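User: I have not seen this structure before. Please take me through some of its contacts.

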Amino acid sequence: MALPLIWLGTAAIGAIMLADDRQQRKTIQHERRMGRAPKVPNGKSVSPLTPSIWHKGDAKVDAAPGAIVCCFVFGVIEHTGIWVGDDHLVELHGSGLIRVISAKRFLQGRTGSCIFQACNHLHQPLVAPKALARAEQAIYQYRDYDLFTNNCHRFVWSCISGEETEVRSFEQLNTLLAQAFKQVVYWDEVALNKR
């Protein structure tokens, strides 16, 4: 008898948290439309609008060559890459191979049907000057892949900065991006070409 009550309580708490997150995301989107959203990072928040498998944004953006993109892997962790254009991006695969793949392939076998792009408060992509060239130069190279120390986030950061720095999490990548671009990072849904 106690187990169903625990499940019911857990479901209720989950529903409350989901509703709160939905309201918070609506508020952030409204503040962006009104021009009142945070523009520069502060110690408290570097990424007020993170990707979400539950809540899609009300604005879709076009992906820009050299932009940082991400999707979810089984709804738990984010997987990142660099957009190259024509519905393709460069990613570090779990095998260690750096490869060009289509947006459809990037999502295949992973949860969700959305790719998100790192943008500023005005929905403009955050693109580092040499990110695209570095990503293209790395294609077909291998890295000694490690989920925590030599992962997709480290690869993306190396394309952005030109430095090999350990990036252990998506949150750490967001912090590095906010510092590099001197902007708060918003993750907006990419308008994909459905072919």
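User: Which residue forms a salt bridge with Lys60, and how far apart are the closest N and O atoms?

Analyst: This is a predicted model, in which local features need pLDDT of at least 70, side-chain atom pairs count only at pLDDT 80 or more, and totals for chains, interfaces and linings use all residues. Residues are numbered from 1 along each chain as its sequence is written, and side-chain values use heavy atoms, with hydrogens and water left out. A salt bridge is a side-chain nitrogen of Lys or Arg within 4 Å of a carboxyl oxygen of Asp or Glu. For Lys60 the partner is Glu189, with the closest N and O atoms 3.5 Å apart.

User: Is Glu189 buried or exposed?

Analyst: Buried means under 20% relative accessible area, exposed over 50%, and partly exposed in between (1.4 Å probe, protein chains only). The relative accessibility of Glu189 is 7%, so Glu189 is buried.

User: Which residue forms a salt bridge with Glu164?

Analyst: Glu164 is partly exposed, at 46% relative accessibility. The closest N and O atoms of the pair are 2.7 Å apart, and the partner of Glu164 is Arg143.

User: Which residues are linked with Arg143 in a network of salt bridges?

Analyst: The structure holds 5 salt bridges. The network joins Arg143 with Arg154 and Glu164.
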